[in-house]
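This report walks through one model, from its overall build down to single residues. Please keep the sequence and the structure in view while reading.

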Amino acid sequence: MGKNKLVRSLRRNYFCVSVVIFIFVLYLILRFVPIGGTFYLSFHQWDLIKPDRPFVGLDNFRKLTSDFRFREALLNTTIFAGVLVPCSIVLSLLIATAINSGIKFTKIYELIYFIPVVIPMVPASIIWKWMYDPQYGILNYLLSLFNIEPKAWLVDPTLALYSITLVCIWKVLGYNMVIFLVGLRNVPRTYLEAAEIDGASWFQIFIRIVIPLIKPIILYLVVINTIDAFKIFTPVYTMTVGGQGSFGTEVKVIAYEIFQNGFRYFKMGYASAEALILFLIVTVITVVQFGLLRERE
Amino acid sequence: MKKTVRAQNVIIHIIMIFGSIWMLFPLLWVFSTSFKTLEEAIAVPPTILPAQPTLNNYYVVLFESSFVRFFLNSILVAAVSTLLVLLTSSLAGFIFAKYKFWGKSLLFLLIVATTSIPFETYMSPLYLIFRDLGLVDTYSGLIAPLAISSFGIFFMRQNILSIPDELLDAAKIDGCSDFRVYSNVILPLSRSPMAALGIYNFMFAWGFFIWPLILINSERKLTLEVGLAMYAQRKMMDYGAVMAGAAFSILPSLIVFLILRERFVEGMTLTGFK
């Protein structure tokens, strides 16, 4: 009887049950198990070439703390995010404000500033690499017009990180601008007019009225820009790996270290420990965002 | 008063034009270099537009390397994965919006929780699973991780929630099966969110870089992004040809963007409007 009931209920809900199982299995294979696998592997030593994978506890993490490559990667990625996020947020907010201030040709500006968003990351990096070329690049040529020494934009280890940051700012500005424009266009005109009648300056209106009203958007963009920044890989790989004929000139970032340890040296356990650190960083950022958003409500 | 406003506008325009040059110059430069001979590409002082334009670089890219193949691979991967994402997102979105089942809120929570987990954090275990499934160096392996999208499910659920239940009940009374309700009521009413999700996903799949880089060993299965990156590393000194390759891989999305503009912006910034 009970069994019959179950069969009948399954038959009636055939569609729902099959979709749920279908989606669940896909998620299991493509997301849940791999994510769990990262946790599992990070406590094991697993070199792909060897058959055994001993449990090593926190050994991988202990090694990480003294791995100067990883420390450099962590530092570089943090600097990258620390420069990229404020610069791109401030610049794109200014651009959006300018476009929203009632000047002419706004449609054309909107189009132009969005174009880098549309260009895929690899060709974008390759174009910039060509402009950054130490010998024939246009940027060093422009510098030479002002009698400034040519720079090794992507080879000089201290400069390379900032050269890459500049490309990423160039690429993300239009995206942030569009989101800001949505927010700015939702600011009620009457607020601004009332403040103007009261004699507030443009700057006061901007700081006291506009910024507080679009604060959730700023917060949202800070979070997604920061998460994206911590994942940086493609421009680093395309612009600095194996470039200029010398090894070791690549800018070390977290995702590149994961890639390198996992798929060049086949140290899956160690790479997973690095991946777990990235996971924790992103999780903390996400949780903080939720906390801040809830606080507002 | 009016004069200061005008002066202010002029300053804004000047700054915005400088910004526009920053935005557009790389684009001008890639197309310009791609039509130059090697001598002209490295000439000092550089010419802004090619003095003796040549199509040789494009000839090299189109006929003497695998770019056309890379391009078709990218189209295949992006198109199939976009269709799959639209299918899985709309199905799951429908289920989560309109059905009740055991464990529903837990499963939904788990799915949403994976939204912001970077792919880079679980690609190594995923690779090991795919190795055991024999999916390394295959198109299916390239496409599979892109077949589901947590954001897509969330987004479709939000949209399908706003479709009134009465409509679905009416269809059922008329004898529609659950699947018919999905295909004849839900899908036609979700056309515009699905278009936005489709554009978003196509661009995402097109630019997906690290996965093909680790999964694919044979050159003829590479996507355009990885193929271009490797080509640029190999032919580092042949600036014209590399720029022709870059120009070639920019063109499709640029053209689609210029035609669809608003739709495209809406799609690309989709995650921004949740």
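## Basis of the model

This is a predicted model; local features need pLDDT of at least 70, side-chain atom pairs count only at pLDDT 80 or more, and totals for chains, interfaces and linings use all residues. Residues are numbered from 1 along each chain as its sequence is written, while chains are lettered from A and ligands numbered from 1 in the order in which they are written.

## The two chains

Chain A has 14 helices and zero strands. Helices (H or I, at least four residues) and strands (E, at least two) are DSSP runs, numbered from the N terminus. Along the sequence, the pattern of chain A is α-α-α-α-α-α-α-α-α-α-α-α-α-α. Along the principal axes, the C-alpha atoms of chain A fill a box of roughly 75 × 65 × 30 Å.

Chain B also has 14 helices and zero strands. Its radius of gyration is 24 Å, well over the 19 Å that the globule rule gives for 274 residues, so chain B is more spread out than a compact globule. The C-alpha trace of chain B spans about 75 × 70 × 35 Å along its principal axes.

## Where the chains meet

How many residues of chain B are in contact with chain A? The count is 67 residues of chain B against 66 residues of chain A. Contact means that the C-beta atoms of two residues, placed from the backbone, lie within 7 Å. On the chain B side, helix α1 (residues 2–34) gives the largest share, 14 residues. By class, this side has 48 nonpolar, 16 polar and three charged residues. Ala, Val, Leu, Ile, Met, Phe, Trp, Tyr, Cys and Pro count as nonpolar, Asp, Glu, Lys and Arg as charged, and the others, Gly among them, as polar.

## Domains of chain A

Chain A is assigned domain 1 (2–42) and domain 2 (67–296). Such bounds come from an automatic or database domain assignment. The C-alpha centres of the two domains lie 39 Å apart. Their contact takes four residues from domain 1 and seven residues from domain 2. The domain 1 side has two nonpolar, two polar and no charged residues.

## Helix pairs in chain A

Two packed helices are described by the angle between their axes and the distance between the axes. Axes are lines fitted to C-alpha atoms, for helices over the stretch in contact, and angles run from 0 to 180 degrees between N-to-C directions. The axes of helix α5 (residues 106–118) of chain A and helix α8 (residues 157–185) of chain A come within 7 Å and cross at roughly 120 degrees. That makes α5(A) oblique to α8(A). Angles under 35 degrees count as roughly parallel, over 145 as roughly antiparallel, 65 to 115 as roughly perpendicular and the rest as oblique. Residues of α5(A) in this contact include Tyr113(A) and Phe114(A), and those of α8(A) include Trp170(A) and Lys171(A). The contact has ten nonpolar, one polar and one charged residue.

Helix α8(A) also packs with helix α11 (residues 215–230) of chain A, at an angle of about 160 degrees and with the axes 10 Å apart. That makes α8(A) roughly antiparallel to α11(A). Val172(A), Asn176(A), Ile179(A), Phe180(A) and Gly183(A) in α8(A) meet Ile217(A), Leu221(A) and Asn225(A) in α11(A). Five of these residues are nonpolar, three polar and none charged.

## A helix pair in chain B

Helix α4 (residues 67–98) and helix α8 (residues 150–161) of chain B have axes that come within 7 Å and cross at roughly 50 degrees. These helices, α4(B) and α8(B), are therefore oblique to each other. Among the residues that meet are Val85(B) and Phe94(B) in α4(B), with Ile153(B) and Met156(B) in α8(B). The contact divides into nine nonpolar, four polar and two charged residues.

## Backbone details

Which peptide bond is cis? The bond from Val44(B) to Pro45(B) is, with omega near -5 degrees. Pro45(B) sits in the loop between α2 (38–41) and α3 (56–63) of chain B.

In chain A, Asn147(A) has phi near 60 degrees, a positive value in a residue other than glycine. Asn147(A) lies in the loop between α7 (138–145) and α8 of chain A.

Terms used
Rg over C-alpha atoms; globule rule 2.2 N^0.38 Å.
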